[in-house]
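Please find below a colleague's note on the structure, arranged as numbered points.

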Amino acid sequence: ESSVMGCGSSSRVASHPQQSSAPAAAPAPRREVAPAAKDDASFTAVTPGSGEAPAATGPEKPKPMMRRKSSLERIQAMPPELKLPQDSAVRARVESRAFVQAVKDAYDKPAFVEGPENRCITLEELGLLVQHSAQNCEEWLHREPGQEDRLGIPAEEVTWRDVALNFLAPIGAETGMSYAELFAQGTPRGDPVVVVSHSWSQPVAHVYRAMRQHALDRGYGEGAQVWLCVCALRQHEVASELPPGPDLSGAPFLQAIGSAQSTLIVVAPEATHALSSAWCALEAQAALAAGHLTDVYTVHEGEVRGLTDGPLPGRPSAGQGGREEGFPLAIVTQALRFTFAGVHATEARDLQLIQTHVKLAEGGEAGVEDAVRALYFKLALPALARRAAARAGGGEGT
């Protein structure tokens with residue numbers, strides 16, 4: 001089993017967290033690809049659908065080099081909300097360099113992958129990020145709009161926004177890559193088995209736990225291809241990876257959902273926050289439109305709870321293996337009353353972009369509201385019916 005280096009106040013080796021017993025998907029065979037035109041020969045480039053590099057048939061004229069930005073130029077170009085104070089910036093650079101080098105040593109050469117919708121990871125690879133975050137978060141900054149930065153974050157409170165600020169954006173500034181590209185190994189990975197929708201304000205540990213349980217419940221294993229926005233987008237230049245607007249139909253997360261086999265929506269257990277993300281509302285609408293299997297999971301009172309789209313493999317349809325038991329009914333109630341006017345985004349420009357897109361899209365705000373309500377009604381109704389039948393029969397309800 002490979003391991004990577006966690007770098008904080010001291011060097012530590014981060015072993016992967018305990019894996020589930022679900023069978024892992026077989027890794028894709030490695031293939032050599034043509035070197036990219038770039039300023040770092042330790043990276044390769046991958047175009048989705050590309051195979052092995054063609055054999056040389058004779059001397060070729062040298063192709064003009066396409067210069068990539070240096071790490072300093074990438075840091076200077078980062079938006080203000082991603083720039084760290086000097087001490088933290090130095091720490092982040094050292095930390096990111098150590099992690100990237102350890103990944104290169106343990107896995108293979110990272111590879112630039114064209115199109116963020118094509119950048120999948122596995123739960124094993126994501127587990128390295130979770131482990132690294134837990135080991136280094138005491139030296140990370142927590143940043144909220146309108147508030148002073150706070151140094152030091154308890155491991156159980158680290159959010160995806162904290163990870164993007166302290167770890168993924170510095171990695172991007174150092175390499176020009178997203179987290180998923182660090183593991184690309186020169187081989188296009190294909191369409192995702194599941195796209196995971198979640199708010200960036202949720203704790204990393206909660207979302208990761210829900211994802212691992214879902215992999216076990218659905219039987220796709222921790223080696224399957226998963227698409228996670230925060231890992232797919234190059235966090236040092238997110239704006240360049242999104243359509244300029246106002247039409248977001250070509251946004252990476254919508255394309256990924258359209259090509260995926262399923263969607264997992266991970267919500268916060270508090271009803272007031274579960275459905276407040278504008279981005280997640282669009283993802284729920286896209287999942288319903290895709291017509292594929294969609295489940296909703298949360299971590300409530302220390303346990304993973306979920307509303308599943310039909311029975312889980314190998315489990316009786318009447319019980320779902322206890323997954324529905326304890327799922328907060330307040331979330332269902334809020335979903336059935338969902339209004340687009342109540343959503344928000346961390347950055348005001350993001351909210352404005354989404355509002356403009358929805359206003360111009362077919363169905364408008366009413367279309368998003370109907371989709372969110374319909375999705376939760378579809379998932380919750382069977383669970384509520386089973387619960388009512390169990391209570392009426394004097395049995396234990398789920």
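Helices, as named here, are DSSP runs of H or I with at least four residues, numbered from the N terminus. The model under discussion is predicted.

1. The largest pocket. By class, the lining consists of 20 nonpolar, 10 polar and 9 charged residues.

2. Elements around the pocket. At least two lining residues each come from H4, strand E7 (194-197), helix H6 (229-232), helix H7 (238-241), helix H10 (278-290) and helix H12 (348-360). The largest share belongs to H4, which supplies 4 residues to the lining of the largest pocket.

3. Packing of H4 on H3. Helix H4 (residues 160-175) packs against helix H3 (residues 123-136) at an angle of about 85°, and the two axes lie 11 Å apart. Angles of 65 to 115 degrees count as roughly perpendicular, and H3 and H4 are therefore roughly perpendicular to each other. On the H3 side, the contact is made by Leu 126, Leu 129, His 132 and Ser 133; H4 contributes Trp 160, Val 163, Phe 167 and Leu 168. The residues of this contact comprise 6 nonpolar and 2 polar, with no charged residue.

4. The five-stranded sheet. An open sheet of 5 strands has the order E8-E7-E9-E10-E11, with mixed pairing. Its edges are strand E8 (226-228) and strand E11 (303-307), each of which pairs on one side only. From one strand to the next, the twist averages 25°.

5. Pairing of E7 with E9. Strand E7, which also supplies residues to the lining of the largest pocket, runs parallel to strand E9 (residues 262-266) and is joined to E9 by 3 bridges. Within this pairing, Val 196 has Leu 264 of E9 as its bridge partner.

6. A helix on the sheet. Helix H5 (residues 204-218) packs on the sheet and touches E7, E8, E9, strand E10 (293-300) and E11. The direction of H5 makes about 130° with that of E10.

7. How many cavities of 30 Å³ or more does the structure hold? There are 3 cavities of that volume. The largest cavity contains about 150 Å³ of space. It is lined by 18 residues, of which Val 267, Ala 274, Leu 275, Cys 280 and Ala 281 lie nearest the centre.

8. Lining of the largest cavity. Two or more lining residues are given by each of E9, helix H9 (271-274), H10 and helix H13 (364-392). H10 gives the most, with 3 residues; H10 is also among the elements that supply at least two residues to the lining of the largest pocket.

Definitions and conventions:
Residues are numbered from 1 along each chain as its sequence is written. This is a predicted model: local features need pLDDT of at least 70, side-chain atom pairs count only at pLDDT 80 or more; totals for chains, interfaces and linings use all residues. Side-chain values use heavy atoms; hydrogens and water are left out. Axes are lines fitted to C-alpha atoms, for helices over the stretch in contact, and angles run from 0 to 180 degrees between N-to-C directions. Angles under 35 degrees count as roughly parallel, over 145 as roughly antiparallel, 65 to 115 as roughly perpendicular and the rest as oblique. Contact means heavy atoms within 4.5 Å. Ala, Val, Leu, Ile, Met, Phe, Trp, Tyr, Cys and Pro count as nonpolar, Asp, Glu, Lys and Arg as charged, and the others, Gly among them, as polar. Two strands pair if DSSP finds at least two bridges between them. On a 1 Å grid over the protein atoms alone, a cavity is a set of points where a 1.4 Å probe fits but cannot get out, and a pocket is an open set with protein on both sides within 12 Å along at least five of seven lines; lining residues have an atom within 4 Å of a point. Grid points are joined across faces, edges and corners, and a volume is the space filled by probe spheres set on the points.
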